Amino acid sequence: MLKNKNILVTGGSRGIGKAIKKSLECKGANCISPSRNELDISSLRSIEAFFASLDVELDGLVNNAGINIVNPVEAINDVDTEKMIKTNLIAPLKLIQYAVKGMRKKPSGRVVNISSIWGVRSKEHRSLYSLTKFGLNGITRALARELGPDNIMINSVAPGYVNTEMTNQNISSDTQKEIVETIPLGRFASPDEIAKLVLFLLSDDNTYITGQTIVIDGGFLA
Ligand SMILES: NC(=O)c1ccc[n+]([C@@H]2O[C@H](COP(=O)([O-])OP(=O)(O)OC[C@H]3O[C@@H](n4cnc5c(N)ncnc54)[C@H](OP(=O)(O)O)[C@@H]3O)[C@@H](O)[C@H]2O)c1
C-alpha cells in the first residue's frame, strides 16, 4: 500500500519524525527525510532550493518538523514569534504548495500535518505554540476543500504527550509524573504509536478521511 511511494518527512532525525521514517522504510516506501543542512524549513530559500533539486514527484508529505518555545506572555519576544510562525506555520504551507504540484499529476496524494492537542485546546505559556498549531489545523481544513477534487487528502494528527526530546526539554520529570496521572491510559505515547496513525492516513487504506484533526492522546482531552 505504501511500497515505492515517494514520501517526504520533515524532522526525521529524532522523535516522532524518526519513528515515521523508520515505519515507512519498513513498508518499502521511498522515504525522503532531509537533514536540517539539506532542508532548513525556517528558510523559504532553503525550501525553494530543496524542491529545485528534488528529482521525484511526491505521493505524500508529512509536515512533522516543529519547535515549541514555551513562555509566559510578557516574556515572548519578536525573534521567537517570527521563528515559531516561520517554522510551524509558514513552512508547512510552503512545503504543501510545492508538493501538490507533483501530487496533482498522480491518481491521489496524501498530506499529514503534525499538530498538537494544543492546536485543539490550550494552556498557560503556550500562546505561540497554539497560535501555530491552531493555524496549521486551519490550513488542513481549507486545503481539504481545495485539493479534494484532485483526490489529495490532507489531515492533521494532534498528539498529546509523547516521549521525545521536545517533551523532556519543556517539562521537568516531576511535572511529567503529575501529568501522567491525568492521562486515562496512564502513560505518554511512544513515537511509534503516532507513526502508526500517520502511516494509515498516508496509505491507500485511507480512502475517505480528509480535513480532520485527529487527536491521539491516551484520552487526555476527554
Ligand atoms: N513531543 C510531543 O509530546 C509532541 C506533542 C504534540 C505534538 N508534537 C509535534 O510533533 C512534531 C515532532 O515533535 P518531536 O517531539 O518529535 O520533536 P523533536 O524531538 O524536538 O524533533 C524535532 C525535529 O524537527 C526538526 N526541526 C526543527 N526545526 C527545524 C528546521 N528549521 N528545519 C528542519 N528541521 C527542523 C529537528 O531537526 P534537528 O535534529 O536538526 O534539530 C527534529 O528532527 C512537532 O511538530 C511537534 O510540535 C510533539
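**Entry 1: α1 against α7**

I looked up which residues join helix α1 to helix α7 in this predicted model. On the α1 side I listed Gly15, Ile16, Ala19, Ile20, Lys22, Ser23 and Leu24. Their partners in α7 are Pro191, Asp192, Ile194, Ala195, Val198, Leu199 and Leu202. I sorted the residues of this contact by type and got ten nonpolar, two polar and two charged.

Next I checked the geometry. Helix α1 covers residues 15-26 and helix α7 covers residues 191-202. Their axes come within 8 Å and cross at roughly 55 degrees. The two helices are therefore oblique to each other. I noted the crossing of α1 past α7 as right-handed.

**Entry 2: α3 against α4**

I then turned to helix α3, residues 78-103, and helix α4, residues 127-147. At what angle do they pack? I found about 15 degrees, with the axes 9 Å apart. Because angles under 35 degrees count as roughly parallel, α3 is roughly parallel to α4. The crossing of α3 past α4 is right-handed.

From α3 I wrote down Asp80, Thr81, Met84, Ile85, Asn88, Leu89, Pro92, Leu93, Ile96 and Val100 as the residues that meet α4. From α4 the residues are Leu128, Tyr129, Leu131, Thr132, Lys133, Gly135, Leu136, Ile139, Leu143 and Leu147. By type, the residues of the contact divide into 14 nonpolar, four polar and two charged.

**Entry 3: α2 against α3**

Helix α3 also packs with helix α2, residues 44-53. I read an angle of about 25 degrees and axes 11 Å apart. That angle makes α2 roughly parallel to α3. I recorded a right-handed crossing of α2 past α3.

Leu44, Ile47, Glu48 and Phe51 of α2 make the contact with Ile90, Ala91, Lys94, Leu95, Tyr98 and Ala99 of α3. Sorted by type, the residues of this contact are eight nonpolar, no polar and two charged.

**Entry 4: the ligand**

Last, I looked around the ligand. Which of the 27 residues around the ligand come nearest? I noted Ser13, Arg14, Asn64, Tyr129 and Thr164. Tyr129 was already in my notes, as one of the α4 residues that meet α3.

I then looked up distances from oxygen atoms of the ligand. An N or O atom in the side chain of tyrosine 129 is 2.5 Å from a ligand oxygen. For threonine 164 I also wrote 2.5 Å, again between a ligand oxygen and an N or O atom of the side chain.

Notes. Residues numbered from 1 in each chain as written. Predicted model: local features only at pLDDT ≥ 70, side-chain atom pairs only at ≥ 80, totals over all residues. Heavy atoms only, no water. Axes fitted to C-alpha atoms, helices over the stretch in contact; angles between N-to-C directions. Helix = DSSP H or I, 4+ residues; strand = E, 2+ residues; numbered from the N terminus. Parallel < 35°, antiparallel > 145°, perpendicular 65-115°, else oblique. Left-handed = near helix turned anticlockwise from the far one by under 90°. Contact = heavy atoms within 4.5 Å. Nonpolar A, V, L, I, M, F, W, Y, C, P; charged D, E, K, R; others polar. Near = heavy atom within 4 Å. Polar contact = N/O pair within 3.5 Å; in protein donor to acceptor, adjacent residues only side chain to side chain.
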